[in-house]
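Please examine the model shown below.

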Amino acid sequence: MTELVTSVRCECPRHLATILRSLIAFEEYSEKCGNQNVEDAELHRFLHLTTALCRYDMEKALAKVLTH
């Protein structure tokens, strides 16, 4: 996606692809992050879910840009 040429004359597709890569990396990290207690586990579940929701929205944004 970062190399894709679109009719959009801006860097939005590249930036969105970069953001998505970062979100995917953090989503995977937070899922596997170590937990020392129940509170840690709850925090990491929250971070994982929140990141997944953000990723989903950003994927929709990228799809809209690419469709444009």
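## Arg14 and its partner

Arg14 has a relative accessible area of 35% and is therefore partly exposed, a class lying between buried (under 20%) and exposed (over 50%), computed with a 1.4 Å probe on protein chains only. Glu11 forms a salt bridge with Arg14, with 2.6 Å between the closest N and O atoms; the term denotes a side-chain nitrogen of Lys or Arg within 4 Å of a carboxyl oxygen of Asp or Glu. Glu11 is also partly exposed, at 43%.

## Basis of the values

The model is predicted: local features need pLDDT of at least 70 and side-chain atom pairs pLDDT 80 or more, whereas totals for chains, interfaces and linings use all residues. Residues are numbered from 1 along each chain as its sequence is written, and side-chain values use heavy atoms, leaving out hydrogens and water.

## A link between helices

Glu27 lies in helix α1 (residues 12-32), helices being DSSP runs of H or I with at least four residues, numbered from the N terminus. At 11% relative accessibility, Glu27 is buried. The side chains of Glu27 and Arg55 meet in a salt bridge of 2.5 Å, N to O. This pair links distant parts of the chain, with Glu27 in α1 and Arg55 in α2, 28 residues apart. Glu27, Arg55 and Glu59 are linked in a network of salt bridges.

## Within helix α2

Asp57 forms a salt bridge with Lys60, the closest N and O atoms being 3.4 Å apart. Because Asp57 and Lys60 are three residues apart in helix α2, about one helical turn separates them. Asp57 is partly exposed at 43%, and Lys60 is partly exposed at 44%.

Key: Helix = DSSP H or I, 4+ residues; strand = E, 2+ residues; numbered from the N terminus.
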